[in-house]
Structures are given as C-alpha cells and as structure tokens.
Amino acid sequence: MSVFDDITPLIRDLAPDFRGRLVANEPLAPLTWFRVGGPAQVLCTPDDAADLAYLLSRLPADMPVMPIGVGSNLIVRDGGVPGIVIRLRPRGFGEVTVEGTRIHAGAVAPDKRVAEAAAAAGLGGLEFYFGIPGTIGGALVMNAGANGGETKDVLVEARAVTREGEQLTFSNAAMNFTYRASAVGRPVIFTGAVFEGVPTDPAVIRERMDAVQHHRETVQPIREKTGGSTFKNPPGHSAWKLVDAAGCRGLRLGGAQVSEMHCNFLINTGTATAADIEALGEEVRRRVKETSGVELHWEIKRVGVPLQKAMER
C-alpha cells in the first residue's frame, strides 16, 4: 500500500472554515464492495452541500478531486487515489422525503431506500431501484437501471456542486442521459435529486419489488465480494452471454474469478488485489473480442494508480 504526502495542512490553510473531516492516507478498500485497493491521499467528508461548495471553491484547479459513493461499482487500484476523495455521509446528504408524487433524495440515500419510500407513499415507477446496490449519486452519474427501468425515466431534476464550488440544478434534459451514463458538460458532484412517482396500488408495487429482489437473489452473486455488473451490454447483445460463449465462466486470475452464477460479475475470492480483478476483466474483454468480434466496455469504474506506478513516485 502506497503512502502519499500529507496535504491536509495545506487544505486547511486554503479552506480554514471547512467544517468537515479530512484524513490523510485513509484506506479505501474497506469502503468498496470488492474490498481491494490503496488509500486516498485525503479522504474528505463535508458536513453538507454548502460545506462542500466552500471547500471546492478554495481548492486549486489542478488539485484532483474524486467523489465515491458506497463503492459498489468501483475498483480502487492498489496504488491508491492521489488528491482528494470526497465521500458524502448520510447526515447532510442521505435524507429521503415525499411531497405529493415527488420523492426528494440526498445523493447518499441508498437506491433501495428510495424505492421503499416511494412504495410506502403508494408511488410506482421506482421499483427498479430496489435491486440496485448503490446510492442516488451513483445512479445519477451512470443512469442506473435494472429490470426495465432507468434513472432517466423517473428523474425530475438533480442538484450538484461544480468543481469551482457553484451549486446548480440540472433538469432531466440537461443530464443528457444515455445508456449507463450522463453528461452535464462539466465536472460535478451530485448532492441530491427529485423523482416523480405514479400513484399505484401499494400491493402492485410490493409485488414488483418482490420480483426484483427474487431475480437479484437467484441470478446474482450478491453474497460475494463483487462490484456488480462488470461490462455494459453492447447494442444487440447481453454481456454475460458473450462472456459465457468465450469460455470465461469461472475463469480465475490470482484471487479474482468470473462468477459461476452470473458471468458478468467478477468476484474477489478472498485474496485478490485490484490488479488481479482489473487484469481478469481485461482478459475477459480480450477473449470476447477474439471469439465474437464484440468489444466489451467496462461498466465498473476503475480509479487511482497501479501499485508499481505509485512506488515510482
């Protein structure tokens, strides 16, 4: 594990009124579902959106800043992440409320909790969130979806803070949603969102959510150390079918393995490094390209620097 220079005193000098917490060289592996990776040079947890905006407004433009959620769709490389890693916390960014047919949610509210809040209010359309093991912030970044629904289908607007510290609101149209992606045209950290539900019989909503949960439990390795769906579905194809046809089901590299249950999931069998997992993913991509001619693209986000590069600093 690499150790970065401690820049927390510099940050405190630049932003003396910052109310949140700054920790140098904080391990990130415990904060990810894969449980691998190096430290953050600085792990930052702001108190609220105003605190985050203030901090970002005081930082030099060339200082790297990267937000993370619950780490369910993330590989942190073994050399760690230089610069500032922003981790929003439930107090300040996790509230979920319902007003009429609209659901207001902070960026770190779990997707599942938002689905449950909508269901309790008799609002349908958000059941697909019940099967996504992430947070609303991540859902906004990647247009998260499952079981036939996507974030773009239910979002009214999203709140965010820009890298310069401006607090902005983006309409659904301004999010420029595409398959598993959004693009607002500038670097932002999402802080919350508003969704629109449809009045629906609560029994119907519960039936849909039960179906989502049953599907997830029976076809996905949810009790393993995994990062969720690894590759995006190429147009006209299912990624898992391509991986299976390439003979990659159960394929191992070091402590990493392609899941036997669902071969679009990579798992840490207990001893994997981030390098093992990423290299296994690249080998799967190579084999799929070789056998089918289709190029798979990562859905899981890979961040940080390899251990060897970190050691050369």
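**Aromatic contacts**

Reply: Tyr129 and Phe195 are both buried, where buried means under 20% relative accessible area, exposed over 50% and partly exposed in between, with a 1.4 Å probe and protein chains only. The model is predicted, so local features need pLDDT of at least 70 and side-chain atom pairs count only at pLDDT 80 or more, while totals for chains, interfaces and linings use all residues. Residues are numbered from 1 along each chain as its sequence is written, and side-chain values use heavy atoms, with hydrogens and water left out.

Me: How many aromatic pairs are there?

Reply: Rings of Phe, Tyr and Trp (its six-membered ring) pair if their centres lie within 6.5 Å; planes under 30 degrees apart count as stacked, over 60 as edge-to-face and the rest as tilted. By this rule there are three aromatic pairs. Among them is the tilted pair of Phe128 and Tyr129, with 4.4 Å centre to centre and 35 degrees between the planes. Phe128 counts as buried because its relative accessibility is 5%.

Me: Why is the pair of Tyr129 and Phe195 edge-to-face?

Reply: The planes of Tyr129 and Phe195 stand at 75 degrees with the ring centres 5.7 Å apart, so this pair is edge-to-face. Phe128, Tyr129 and Phe195 form one aromatic cluster.
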